[in-house]
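Please keep the 3D view open as you read.

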Amino acid sequence: MKTLRTSGHIDFKNILFATDFSSTTKPALPYASEIARRSGAKIYVAHVISPDIYPLVPPEEWPRMANEEEEFRRKMQHELEEELQGIPHDFLFPAGDVWENLSQIINQKHIDLLVLGTHGRTGIRKAVFGSVAERIFLQATCPVLTVGPRVSYRAPQSTATEMNCVLYATDFSPESLAAARYAIYLAKEYHAGLVLLNSIHKAEAGQVTSAYETLQDVVPLGADLASKPKCTVERGAPAESILGVAMRDNADLIVLGIRSDEGSVMAAKRFAHSVAYKVVTLAECPVLTVRG
């Protein structure tokens, strides 16, 4: 099925690392750094300053707290400068709405990849998928690499610099196929194994055979991968199948295509019940989502 063949060069030139400087977002930086090193990209570190006034603090204390926050930003910038040595980078400290500022940076700096570290202190679902994150996933015009708190539970050998297995999950929709070239590119760049997965909730034998044959046509001839892609067809719910195969094959990255929406209330509700939502919130490895 030649219509499924995917190709196209991926060129990461500008990477945006969005952070609040907390310990839960910092683990995402090595992934941004490693991709930047391999592709020769520039990293923009963005920390959006909240304009909120301190409601529980007397007004006379506000200047002192503002100075303390500025000093904290300088300290964190210095620490990150050391980690980013040898990589072209810049720091951005816009003030105001988080998503509006990130969206402007994505457009103005021609961002090719947005890297997010996610919180775990108050529960990943609340922290990752609040209103800001919903807008990021539904409206970001570039792929988003999410590094969740569960990633830290993985074995020590699974690091940002040692990507041995890329899992690409597809339902053969245009949205999911749009993500295939990213999975192929990263598997090639890291000399990693590539697992192609299709999940059918209630599959008959003929459907499994057909899906397996279709998977074999996803990677174009001449892709020059380190090894032959592994095609897997699973019976079961897609999210559970993806997470199960990721654990079984010790995947270091999951790649998913997601539907392009306008960020409406209904779109957010759909996403909250989507396969991508479940995978990103529960995966023990980073997840790259690509809007189709």
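Phe93 has a relative accessibility of 30%, so it counts as partly exposed (buried means under 20% relative accessible area, exposed over 50% and partly exposed in between, with a 1.4 Å probe and protein chains only). Phe21, at 7% relative accessible area, is buried.

Before going on, a word on the model: it is predicted, local features need pLDDT of at least 70, side-chain atom pairs count only at pLDDT 80 or more, and totals for chains, interfaces and linings use all residues. Residues are numbered from 1 along each chain as its sequence is written, and side-chain values use heavy atoms, with hydrogens and water left out.

## Ring pairs

How many aromatic pairs does a search of the whole structure find? The search finds five, where rings of Phe, Tyr and Trp (its six-membered ring) pair if their centres lie within 6.5 Å; planes under 30 degrees apart count as stacked, over 60 as edge-to-face and the rest as tilted. The ring centres of Phe12 and Tyr185 are 5.8 Å apart and the planes meet at 70 degrees, so this pair is edge-to-face. It joins distant parts of the chain, 173 residues apart: Phe12 is in the segment before strand E1 (14–18) and Tyr185 in helix H7 (residues 180–189). Helices (H or I, at least four residues) and strands (E, at least two) are DSSP runs, numbered from the N terminus. Phe12 and Tyr185 are both buried.

Phe21 and Phe93 make a tilted pair, with 6.3 Å from centre to centre and 55 degrees between the planes. Ring pairs also link Phe21, Phe72, Phe91 and Phe93 into a cluster.

## Strand E7 and its partners

Now look at strand E7 (residues 193–200): seven of its eight residues are buried, so the strand is largely enclosed by the rest of the structure. Strand E6 (residues 165–169) pairs with E7 in the parallel sense over five bridges; two strands pair if DSSP finds at least two bridges between them. Within this pairing, Val166 has Leu194 in E7 as its bridge partner.

E7 also pairs with strand E8 (residues 230–235), again in the parallel sense, over six bridges. Here Val195 stands opposite Lys230 in E8.

## Helix H1

Which parts of the structure do the buried residues of H1 pack against? They pack against E1, strand E2 (42–46), helix H2 (62–83), strand E4 (113–117) and strand E5 (144–147), where contact means heavy atoms within 4.5 Å. Among the buried residues of H1 are Leu29, Tyr31 and Ile35. Just after H1, Gly40 has a positive phi of about 70 degrees.
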